[in-house]
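Subject: Structure for you to look at

Hello,

Here is the structure I promised to pass on. Please open it alongside this note.

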Amino acid sequence: MEKIKVELHDKLSYMMKRKFYDGTIRAFFKFSGPLDKNIFSQALKYMIDEIPILHSSFKYNFINPYWQVKEYDITDILSFEESSNPEELANIYMLDTLTEDSISRVKAKVIYNTKISILLILIDHQCVDGIDFKYFLKTLIKKYNSLINKKEEVIVKKGPRNINQIYHDFSTIDKIKAKNLITYKKPNNHLCFPWYPKTKDDSNLIVRVKMNSNDFSIMKKKLQEKNATVTDALLSTLISFMYEKLDNNELFSVASVVDLRRHLKEPDLLTGLTNYSSLMGVTVNKNEDINEVLNEVATITKKEKANKFLGLTGLPLLKLGFKYLPFFIGVPIVEKNYV
């Protein structure tokens, strides 16, 4: 069977799954009426066939791990279940986790009754980030609609997954500069979440909040008036809440995720489904006025976004660590020093 090369962010995500989280991204869609079981099965199978890494398993190797492409049956990945209370059952299913032993990197379930259908899709963060998960979902729905309506064929992007594509649109000089951004700035504080050791009794917990669409529109309008983004608002809320919980005024930093595709003019033409994310640090002084916190956060993020090399600092160091060190040595070293 085919093997697929494990790329830089695949290795980084492997380390993150070991240390910080379960590595599963989840999507929840609620439709009125039924989904066509046969057509949706065809659409999902098409997507998985077109993206081989989604029917692969991660094979650990002391020196160099790899993805092993596997044969599969769509019924191993997709299931349908009728329920008198689809939402309650969906909330339980959402807590599931894709493991290295899972048959594929994606899993789906449709829970339905006579009035609604809930589509749940789980995907492995180790091979796909949030941006490409959204691409996968949009393309899947396009494929479903094209089969239903007997319209034109849907094409799935199949470019390379390696991090070198990020430098494609830089000038020669900027490419040299970007590939030599070895060191990265660490925050000048030492506060962190007090992670507890893993135990056999650990379980997932998802906290969801549904925001009224009218309230969301009002919030977006207010943020535009302040030249701030929704992400700025989320960061500001988190920062304000955390300072309320702290007993002192010691500084702490919050990391916001950066999509590295921002450096590409036409990312879907240059890359396949992959992980192209990085981090942007935000450090704000304690302030009881959340509007002041928002102003400071927005100022910081605007300045960071103006940096032509945003999110690229430290990537060359990661590449060196994972390329020239055996995997069993590289992972604990990166784990210890990653901020």
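Below is what was found in it, from the whole chain down to single residues.

Keep in mind that this is a predicted model.

**Overall**

The protein chain has 12 helices and nine strands. Its radius of gyration is 22 Å, close to the 20 Å that the globule rule gives for 339 residues, so the chain is as compact as a globular protein of that length. The C-alpha trace spans about 55 × 50 × 45 Å along its principal axes.

Of the 339 residues, 42% are buried. Take the contacts between residues at least 6 apart in sequence: 76% of them join residues at least 24 apart. The accessible surface comes to about 19800 Å², and carbon and sulfur atoms account for 55% of it. On charge, there are 50 positive and 41 negative side chains. The centres of these two sets lie 4 Å apart.

Start with helix H4, residues 86–93. Its buried residues are Pro86, Ala90 and Tyr93. Seen down the axis of H4, they fall within an arc of 60°, so they line one face of the helix. What do they pack against? Three strands: E2 (24–32), E6 (106–112) and E7 (116–124).

Helix H12 covers residues 327–337. Here the buried set is Phe327, Gly330, Val331, Val334 and Glu335. Viewed down the axis of H12, these residues fall within an arc of 125°, so they too line one face of their helix. They pack against H1, strand E3 (56–59) and helix H11 (315–324).

**Three buried residues**

Aspartate 10 lies in helix H1, residues 8–19. Its relative accessible area is 1%, so it counts as buried, the cut-off being under 20%. Leaving aside neighbours within four places in sequence, aspartate 10 is in contact with Lys5, Trp67, Gln126, Cys127, Arg161 and Asn275.

Threonine 271 is in the loop between helix H9 (267–270) and strand E9 (277–283). Is it buried or exposed? Buried, at 0% relative accessibility. Not counting residues up to four places away in sequence, threonine 271 touches Lys157, Gly159, Pro160, Gln165, Leu264 and Tyr276.

Valine 284 sits in the loop between E9 and helix H10 (290–305). It is buried as well, at 1% relative accessibility. With residues up to four places away in sequence left out, valine 284 touches Ile239, Tyr243, Leu251, Phe252, Val293, Glu296, Val297 and Ile300. For a sense of distance, take glutamate 82, which is 202 residues from valine 284 along the chain. The C-alpha atoms of the two are separated by 49 Å.

Most residues other than glycine have a negative phi. Two residues are worth a look here.

Lysine 150 has a phi near 55°, a positive value in a residue other than glycine. It lies in the loop between helix H5 (130–149) and helix H6 (172–178). Lysine 150 is exposed, with a relative accessible area of 75%.

For asparagine 227, phi is also near 55°, again positive in a residue other than glycine. Its place is the loop between helix H7 (213–225) and helix H8 (230–245). Asparagine 227 is exposed too, with a relative accessible area of 55%.

Best wishes

Terms used. Residues numbered from 1 in each chain as written. Predicted model: local features only at pLDDT ≥ 70, side-chain atom pairs only at ≥ 80, totals over all residues. Heavy atoms only, no water. Helix = DSSP H or I, 4+ residues; strand = E, 2+ residues; numbered from the N terminus. Rg over C-alpha atoms; globule rule 2.2 N^0.38 Å. Buried < 20%, exposed > 50% of the residue type's maximum accessible area, 1.4 Å probe, protein only. Contact = heavy atoms within 4.5 Å. Areas by Shrake-Rupley, 256 points an atom, 1.4 Å probe, with all protein chains shown as cover. Lys, Arg positive; Asp, Glu negative; His and termini not counted. Charge placed at Lys NZ, Arg CZ, Asp CG, Glu CD. Arc of directions from axis to C-beta.
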